[in-house]
Amino acid sequence: MPELPEVETTRASLAPRIAGAVVTGVRLGKPLRWPLGCDPESLVDRTVGEATRRGKYLWLPLTGGGLLMHLGMSGSLAFRDAVPEPAAHDHFDLLTTRGTLRLTDPRRFGAVVWSNALDQDPALKLLSGLGLEPFDPAFTGAYLHDALKRRRIAVKLALLSGDMVVGAGNIYACEALFAAGIDPRLPANKVSRPRAERLADAVRTILARALALGGTTLRDFKDTHGMAGAFQDQAKVYGREGDPCTVCGTAIRRITQAARSTFFCPTCQRR
DNA sequence: AAGTGGACCTGCTAGC
DNA sequence: TGCTAGCAGGTCCACT
């Protein structure tokens, strides 16, 4: 579910409402990907600051540190005045004077980790290898070309790796490569400068469009396994194996790369 | 160093 | 109807 547009949508709706709240309690459910890393009680009485985002991570500043949060594959955050009794998949509640922030995450690949925001904090290591934000002016075709040049892995995997540019997950990586007309299997170092230009453009455009729609995939997250609703209408290749390409009519193909599905049009996307 | 594969965990769907 | 295999939006880590 949560790629950059969904995480950013979550952040934007959360930030203004929770900023200034004071923590009154913490409730933990089943273990998430990593332990919280502090005594939950120690968060009480800290004041919440302005939530920010880095890649697919959310940073919720608290006095003296903050919580680094990730939604994993199946996580979602809700902030409400009153939340119901925790259900089976509700694994983290941050109770505050303005409402309760709740992480619901069936697969528990997500995480909430305390960090003291100091350089040597282990939690911050999670952010240290991340590439540029897609909307950073420094994320240009020239930058992407240079980064791709040093890698021999397939260009799709290079996008997913997150060490060049963050935010494009499996869906948007597939969509961006389609928009740029590039075969996902093409070795990264074989992407020409002009095509890197188009790819950087495509990544930005695809993510911006999804963002403008308010994180399409998030909205209907509760449906089926999360892929219902508006996003399917937007996707040109993702999840469309066997369907005709919207541009040329060729059947969309699905292949496996690094144990993950890649969808592409064998006609529109060339090596 | 770069690349590959396994690991984490639950739920849903398609197919027998 | 019931069981099973396969698949799912992420990414860290150990190994070659």
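Student: Which residues does Val-155 touch, leaving out residues up to four places away in sequence?

Tutor: Val-155 touches Leu-148, Leu-177, Ile-182, Asp-183, Pro-184, Leu-186, Pro-187, Ala-188, Val-191 and Leu-199, where contact means heavy atoms within 4.5 Å. This is a predicted model, in which local features need pLDDT of at least 70 and side-chain atom pairs count only at pLDDT 80 or more, while totals for chains, interfaces and linings use all residues. Side-chain values use heavy atoms, with hydrogens and water left out.

Student: Which residues have the most contacts inside the largest nonpolar core?

Tutor: They are Leu-148, Val-155 and Leu-199, in a core of 29 residues. A nonpolar core is a set of buried Ala, Val, Leu, Ile, Met, Phe, Trp, Tyr and Cys residues joined through side-chain atoms within 4.5 Å; buried means under 20% relative accessible area, exposed over 50%, and partly exposed in between (1.4 Å probe, protein chains only).

Student: And which elements give two or more residues to this core?

Tutor: Helix 3 (141-149), helix 4 (155-161), helix 5 (170-180) and helix 6 (193-212) do. Helix 6 provides the largest share, 8 residues. Helices (H or I, at least four residues) and strands (E, at least two) are DSSP runs, numbered from the N terminus.

Student: What about a second core?

Tutor: A separate core of 26 residues includes Val-23, Leu-58, Leu-62 and Leu-77.

Student: Changing topic: how do strand 9 and strand 10 run?

Tutor: Strand 9 (residues 253-257) and strand 10 (residues 260-264) run antiparallel, joined by 5 bridges; two strands pair if DSSP finds at least two bridges between them. They form a hairpin with 2 residues between them, and Ala-258 in the turn has a positive phi of about 50°. Within the pair, Ile-255 has Thr-262 as its bridge partner.

Student: Is Thr-262 buried or exposed?

Tutor: Thr-262 counts as buried because its relative accessibility is 1%. Its side chain also makes a polar contact of 2.7 Å with the side chain of Lys-156. A polar contact is a pair of N or O atoms within 3.5 Å; within protein, one must be able to donate a hydrogen and the other to accept it, and residues adjacent in sequence count only if both atoms are side-chain atoms.

Definitions and conventions: Residues numbered from 1 in each chain as written. Chains lettered and ligands numbered in written order.
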